Amino acid sequence: MTQILAVVGSPRQGGNTDLLVAKVAEGARAAGAAVETVRLGELQIRECDGCHACWRGRPCSKDDDMQALFPKIAASEVLVFATPVYWYGPTALMKAFMDRFVYFNSEANRRLVRGKRAAVAVVLEETHEQTWRPVVEFFERSLAYLEMNLAETIVVPGVGSKGEILKHPQQLEAARALGSQLAR
Ligand SMILES: Cc1cc2nc3c(=O)[nH]c(=O)nc-3n(C[C@H](O)[C@H](O)[C@H](O)COP(=O)(O)O)c2cc1C
């Protein structure tokens, strides 16, 4: 059974990112995967300050909720990174989460993510590609650097208000199909 860890980077509970990830999870579960969804807004994740204890074989020096997420990330076969666009970037929650992947940028820890499949899900109010492209590139470049395998990307533009994504059934169906792909 494929183990999927879905990470929601929006602080808005029940918002568009939550609804999109729920669809991905629905599709993945229907195809036989086990999915755990983590909402970063409910966790305390401090900023990486580059102390590099993790590069010297020590645990991350920040005693926060990321300590429980490191093993979950390592144990998952697929990681889903989901974020709304906030000022032409990911949310601060998602950026802080990604910054902590410095942990996996050491010789000893890289094997924990190398080759792991990933998917990216992005929602935004505007509709121009110039708005979401940098966010997708942020993930493409970061995950490639970490030698992860970005298998699927879904972008849902034109959704601003909470729950507006429900007016986009085709996009939700695409998310469900994406989840089903990830389960394989
Ligand atoms: C602080 C903040 C910054 C935002 N910046 C942008 C932006 O630069 N471009 C854009 O298209 N939408 C922007 N938005 C709109 C969100 O991307 C949009 O409302 C999205 O659907 C929120 O997803 P959520 O419901 O999962 O939180 C911003 C929203 C907030 C709260």
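Biologist: What makes strand 1 and strand 2 a pair?

Modeller: In this predicted model, strand 1 (residues 3-8) and strand 2 (residues 34-39) are joined by six bridges. Pairing asks for at least two bridges, so the six bridges found here qualify these strands as a pair. Their sense is parallel.

Biologist: Which residue of strand 2 stands opposite isoleucine 4?

Modeller: Valine 35 holds that place in strand 2.

Biologist: What makes the unit of strand 1, helix 1 and strand 2 right-handed?

Modeller: The unit is a β-α-β arrangement in which helix 1 (residues 16-30) goes with strand 1 and strand 2. With the strands pointing away from the viewer, a clockwise path from the first strand over the helix to the second is called right-handed. The unit is assigned that hand, so its path runs clockwise in this view.

Biologist: Why is isoleucine 73 called buried?

Modeller: Isoleucine 73 has 0% relative accessibility. The limit for buried is under 20%, so isoleucine 73 counts as buried. Its place is in helix 2 (residues 66-75).

Biologist: Why does serine 180 count as buried?

Modeller: Its relative accessibility is 17%. Buried means under 20%, and therefore serine 180 is placed in that class. Serine 180 belongs to helix 6 (residues 169-182).

Biologist: Why are cysteine 48 and cysteine 51 called partly exposed?

Modeller: Cysteine 48 has 28% relative accessibility, and cysteine 51 has a relative accessible area of 33%. Partly exposed lies between the 20% limit for buried and the 50% limit for exposed, so cysteine 48 and cysteine 51 take that label.

Biologist: How many cavities of 30 Å³ or more does the search find?

Modeller: The search of the whole structure finds one. About 90 Å³ of space lies in the largest cavity. Of the 14 residues that line this cavity, the closest to its centre are Cys48, Cys51, Cys54, Cys60 and Arg100. By class, its lining has eight nonpolar, three polar and three charged residues.

Biologist: What is the volume of the largest pocket, and which residues are closest to its centre?

Modeller: The largest pocket has a volume of about 330 Å³. Among its 17 lining residues, Pro84, Val85, Tyr86, Leu124 and Glu125 are the closest to the centre. The lining comprises eight nonpolar, six polar and three charged residues.

Biologist: Which elements give two or more residues to the lining of the second largest pocket?

Modeller: The second largest pocket has a volume of about 160 Å³. Helix 3 (92-99) and helix 5 (129-145) are the elements that give two or more residues to its lining. Residues in that lining include Lys95, Met98, Phe138 and Ser142. Its classes are six nonpolar, two polar and two charged.

Key:
Residues are numbered from 1 along each chain as its sequence is written. This is a predicted model: local features need pLDDT of at least 70, side-chain atom pairs count only at pLDDT 80 or more; totals for chains, interfaces and linings use all residues. Side-chain values use heavy atoms; hydrogens and water are left out. On a 1 Å grid over the protein atoms alone, a cavity is a set of points where a 1.4 Å probe fits but cannot get out, and a pocket is an open set with protein on both sides within 12 Å along at least five of seven lines; lining residues have an atom within 4 Å of a point. Grid points are joined across faces, edges and corners, and a volume is the space filled by probe spheres set on the points. Ala, Val, Leu, Ile, Met, Phe, Trp, Tyr, Cys and Pro count as nonpolar, Asp, Glu, Lys and Arg as charged, and the others, Gly among them, as polar. Helices (H or I, at least four residues) and strands (E, at least two) are DSSP runs, numbered from the N terminus. Buried means under 20% relative accessible area, exposed over 50%, partly exposed in between (1.4 Å probe, protein chains only).
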